[in-house]
Amino acid sequence: MQRMQPPACLADYQRLTGDAAVMRWVSGQALTAAEAQAAYDRLAASQAVHPQCGYFYVRDPAGNLLGMCKLHWAGNGATEAEIGYVLLPEHWGRGLATQWVAALLHRAGRLSFLQRVVALTDPDNAASARVCC
């Protein structure tokens, strides 16, 4: 996992959020370039909250983008974090989300301020509902 390093990762973010198949399960539709830029700016600002939390790109050994995952913690004394992930469609069904969630839970387990980790999924997304660790 490579921590998102703004602004260098904007193109990867736009690739993920501009894909209608990916975004069907997140926002219901692909983001426009302007929407992606605004969302990316919000994510980039949240990267400063804690060095072990935030947004991470995942790449194959050759450096090709597979997707993105998050361990989002709001800071300010919050005791809960949210796990999430998106994968490019050509990488669906390979167990990658399960691997990423396990890694994020391991990371979260080392953070003493976290008491709870949550993950949300669209009830119609059967593949995401099967993700376990």
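**Close-up views of a predicted model**

**View 1. The buried side of helix α1.** In helix α1 (residues 10–17), the residues L10, D12, Y13, L16 and T17 are buried, where buried means under 20% relative accessible area with a 1.4 Å probe and protein chains only. These residues cover an arc of only 160 degrees around the axis, which puts them on the same side of α1; the arc is that of the directions from the helix axis to the C-beta atoms. Helices (H or I, at least four residues) and strands (E, at least two) are DSSP runs, numbered from the N terminus. This is a predicted model, in which local features need pLDDT of at least 70 and side-chain atom pairs count only at pLDDT 80 or more, while totals for chains, interfaces and linings use all residues. Residues are numbered from 1 along each chain as its sequence is written, and side-chain values use heavy atoms, with hydrogens and water left out.

**View 2. The largest nonpolar core.** Of its 18 residues, C69, L71, W100, L104 and L114 touch the most other members; a nonpolar core is a set of buried Ala, Val, Leu, Ile, Met, Phe, Trp, Tyr and Cys residues joined through side-chain atoms within 4.5 Å. At least two residues of this core come from each of β2, β3, β4 and α4 (96–109), and α4 gives the most, with six residues.

**View 3. The open sheet.** Five strands are arranged in the order β1-β2-β3-β4-β5, with mixed pairing, two strands being paired if DSSP finds at least two bridges between them. The edge strands, β1 (2–3) and β5 (116–119), each pair on one side only. β4 and β5 pair in the parallel sense over four bridges, and E80 stands opposite R116 in β5.

Definitions and conventions
Buried < 20%, exposed > 50% of the residue type's maximum accessible area, 1.4 Å probe, protein only.
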